[in-house]
Amino acid sequence: MAEGSKDRGGPGPAEPEEDSPNMIVYRKMEDIVTRIQDEKAGGVAIRTVKSFLSKIPSVVSGADIVQWLMKNLSIEDPAEAIHLGSLIAAHGYIFPINDHVLTLKDDGTLYRFQSPYFWPSNCWEPENTDYAIYLCKRTMQNKARLELADYEAENLARLQRAFARKWEFIFMQAEAQVKIDRKKDKAERKILDSQERAFWDVHRPVPGCVNTTEMDIRKCRREKNPHRVKKSVYGVPDDGQSQPSPVHVSSQPARKPTREDVQKEITFLNTQLDRHCMKVSKVADSLMTYTEQFLEYDPFVSAVDPSIPWITDDTTFWDLEASREPSQQRVKKWGFSLEEALKDPAGRDQFLKFLESEFSSENLRFWLAVQDMKRRPHQEVSSRAQEIWQEFLAEGAPSSINLDSHSYERTSQNLKDPGRYSYEDAQDHIFQLMKSDSYARFLRSNIYQDLLLARKKVSYTHTPRSLICTASVKRLG
Amino acid sequence: MSQDPLEGCRISAGKKSAVSLGKALHPPNLLVVVEGTCGACVAASPVSAPEGSCSYNVAHHHLCVCVRVCMAWQGLQKGETLASLKQESENLRRKLEEERGKLTDVELHQVAEKVETVAALSIKTRRVLKGHGNKVLSMDWCKDKRRLVSSSQDGKVIVWDAFTLNKEHGITLPCTWVMACAYAPSGCAVACGGLDNKCSVVPLSLDRNENVTAKKKSVAMHTNYVSGCSFTNSDMQLLTSSGDGTCALWDVESGQLLQSFHGHTADVLSLDLAPSETGNTFVSGGCDMKANVWDMRSGQNIQSFDNHQSDINCVKYYPSGDAFASASDDATCRFYDLRADREVAVYQKDSIIFGASSVDFSLSGRLLFAGYNDYTINVWDVLKGTRVSVLFGHENRVSRVRVSPDGTALCSASWDNTLRVSRT
């Protein structure tokens, strides 16, 4: 079993974890809505709009919000501003006064700002009892604007069935809320009612709308008071029936760093200081060169021949790639580096063919055999390692490779307890050898040049797999 | 009496050096025992204890020693030494930052000014894969460039032929939130895992009537959720990352733990293997805001980057293997070069305030596709640092983006229960 880890310091006391991922986004949205409302500092004018016989207090048009976002967040495309604004609305920070669906429109639609009391950063997780109270009290007030939408009526019916036994209690709570609301000033009530409705639109969204309160379960444990009792919107005391929020528990208790930890850090830092690093100018050039080289192979950047999969139903492009007849463009890639040549099965085959013609294929066959060994199940590694030794390195080996004495010594040491990495040094050494010697000659060879200049077509008599196994077949003889 | 039990031991990587411990012995109540594997000869036997030496002279190997100081010594100067050690660590950190700063003679985007601008992209959705009943959390392409595997919060893993939209296999796991899935290099199996704290390998059968779920085999066992998994170059080894703060390498056939990687101080959310035929490294990112590069052979953390200001949700290597990118909840993506041991680019905008969940490079490494929690995918010019394009379409968070193996298409998985395959 893999062991657990240490946590970096314990959770704070009653304070919300300001650096939790959700809180970071909430604070950014709050900063935006605060700035939008700050008329003196370039915000939008929030005004009362006259409509027929009544007044609509404290509203802003959607177009104004879009304009503000474009100007203050350097957004060039209105579509982007609308998208961002809609997300801010979906989280409940702004809402249309006449719609349960929380999106932003770039027109005269009127919007209001949510009260900080209802902001998501307060980590609301309202219970169904609260929702029932809310829906119930809406039905008690004879106001057109408070009429329940279809989906809300359905929800209410369902809640009445679920809470059948304690419905009297809920009804009483709803009545109490109505009494409290009646005491407020008319304009104030309009605003508060709409804000309350927007709150519920976030926590009990219209069917089909995104529920922005859904959490990524991997981030849940760092939320504010994950185990504490959930706060009621209407001050209803918790009756112990509420379920705790889903939280995944850390497998390790929080621990302070020990001396051992700090010592390890020091060792690590010292190693980093000793490391030889390249200048940024140099790596930048290297990155640019690499990208430049492969640009013509990148279908997102360059046009691709012959036909493009995904757009048409034609799979010719893939069939060609899969065939053993590599295109000139593909052959060109083999010339970029030995790695590129070996990555491509066709490149590997051609290089091997070239080496065989020079009677020096044992290096590549050794390299390929070690690659294959590393891919075997753990149980088989040991025996494969022995086979490779016999084939390539033992005294009088049939495909003897040329290793310097130091690598040879170390490799034979490794073989006393053979493992996946027993041949790492040898493989490295052989790779460098091929790179500096035979690979360069391969690129100059007829075999390669013919393909590159499309002078000749490739002919195959066997697949790569059998070439790798050839070594062992010979051995078992 | 010396404060530092390591005084007298020269431990140095990258140079020809001998670790000699004879001189490290202090007054009789101190005993220094050195254990560990010699990075050069990879033998599992202890280097030596207490007096002895081991020498190595290969440039790029690391000698890692674990020093166990005897109890008597430890008991003596506990509190004081911890503080002075912390101070030393701080000093080293500052020195390291200074040294690295000296090598930053220019910014990547400045050097890239002379590169031609990428032509405006017009990327369109070509396929929409519907079938999952809940959020799609992860996906992976098959090497055949058209099949892919996806996993969901509803506990299902589906193997699709994305080209024909055909669902080829459906696997049901006994847990919700399957956060990790991967296609085996042979195309004959998939791996998946998540809240069950395990990663299982499921061989794919050509026989449509066969129940693939029945053949599921548990390979990896962690003590917390499995956040990511990847096969190495073979169907036989599986690398996993977990909420328990570790990564681990497993032998698929036996389920044996081959190597574990400790160093993160919080959940590890993502990992990616270096794209090299000969390489033995991988990078991981986690909730401790660090991206760590690991040596698979020794289990050692060889490089670390802590530039992000919140969880790192995804890490991905640049195609050459010399660099990698990361996506974070701090709403930025970053690009690091391993040879410079430094962050070399930050991809951010005032209008992007939601976290980035996933990144992947186009084939040449010129473009970086990044999926965000604001339902969009932003396409960045890796060298110039500018945004080339923004893709709308998903109706909820984008959880994963992956470019197909031949670079022809981009697949994005989302909390809106769908996957989309897009291309220019």
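A quick word on ground rules. This is a predicted model, so to speak of local features we need pLDDT of at least 70, and side-chain atom pairs count only at pLDDT 80 or more, while totals for chains, interfaces and linings use all residues. Residues are numbered from 1 along each chain as its sequence is written, chains are lettered from A and ligands numbered from 1 in the order in which they are written, and side-chain values use heavy atoms, with hydrogens and water left out.

Back to chain B. Its secondary structure comes to three helices and 32 strands; helices (H or I, at least four residues) and strands (E, at least two) are DSSP runs, numbered from the N terminus. Of its 424 residues, 61% count as buried, where buried means under 20% relative accessible area, exposed over 50%, and partly exposed in between (1.4 Å probe, protein chains only). Looking at contacts in chain B between residues at least 6 apart in sequence, 47% join residues at least 24 apart; a contact means heavy atoms within 4.5 Å.

Residues 219-260 of chain B are 57% strand and 0% helix, with end C-alpha atoms 14 Å apart. Residues 261-304 of chain B are 50% strand and 0% helix, and there the end C-alpha atoms lie 13 Å apart.

Chain A has its own annotations. UniProt, again in an unreviewed entry, lists "domain: DEP" at residues 40-115 of chain A. That span is 32% helix and 26% strand, with 20 Å between its end C-alpha atoms. The unreviewed entry also places "domain: RGS" at residues 337-452 of chain A, a span that is 73% helix and 0% strand, with end C-alpha atoms 15 Å apart.

Now the rings. Searching the whole structure gives 41 aromatic pairs over all chains. Rings of Phe, Tyr and Trp (its six-membered ring) pair if their centres lie within 6.5 Å; planes under 30 degrees apart count as stacked, over 60 as edge-to-face and the rest as tilted. One pair is Tyr131(A) with Trp200(A), tilted, at 5.1 Å centre to centre and 35° between the planes. Why care about where they sit? Tyr131(A) is in helix α4 (residues 128-140) of chain A and Trp200(A) in helix α7 (residues 186-203) of chain A, so the pair ties together parts 69 residues apart in sequence. Tyr131(A) is buried at 2% relative accessibility, and Trp200(A) is buried with a relative accessible area of 2%.

In chain B, Phe324(B) and Tyr336(B) make a stacked pair, 4.6 Å centre to centre with 20° between the planes. Phe324(B) belongs to strand β23 (residues 323-328) of chain B and Tyr336(B) to strand β24 (residues 333-337) of chain B, 12 residues apart. Phe324(B) is buried at 0% relative accessible area, and Tyr336(B) is buried at 0% too.

Going back to chain A, Tyr131(A) and Trp200(A) are part of one aromatic cluster that also includes Tyr117(A), Phe118(A), Trp124(A), Tyr134(A) and Phe199(A). Arg204(A) lies over the face of Tyr131(A), 5.3 Å from the ring centre. A charge sits over a ring if NZ of Lys or CZ of Arg is within 6 Å of the ring centre and within 35 degrees of the ring normal. In chain B, the charged end of Lys135(B) is over the ring of Trp415(B), 4.9 Å from its centre.

How many residues of chain A are in contact with chain B? There are 105, and they meet 135 residues of chain B. The area buried between the chains is about 10,600 Å², with carbon and sulfur atoms giving 60%; buried area is the accessible area (1.4 Å probe) that two parts lose on being put together, summed over both. In chain A, Arg259(A), Phe300(A) and Trp310(A) lose the most area to chain B, together 10% of what that side buries.

Last, a backbone detail for you to look at. Asp341(B) has a positive phi of about 55° although it is not a glycine, and Asp341(B) is buried at 9% relative accessibility. Thanks, everyone!

How values were computed
UniProt positions renumbered as here; feature names shortened; annotations may be inferred.
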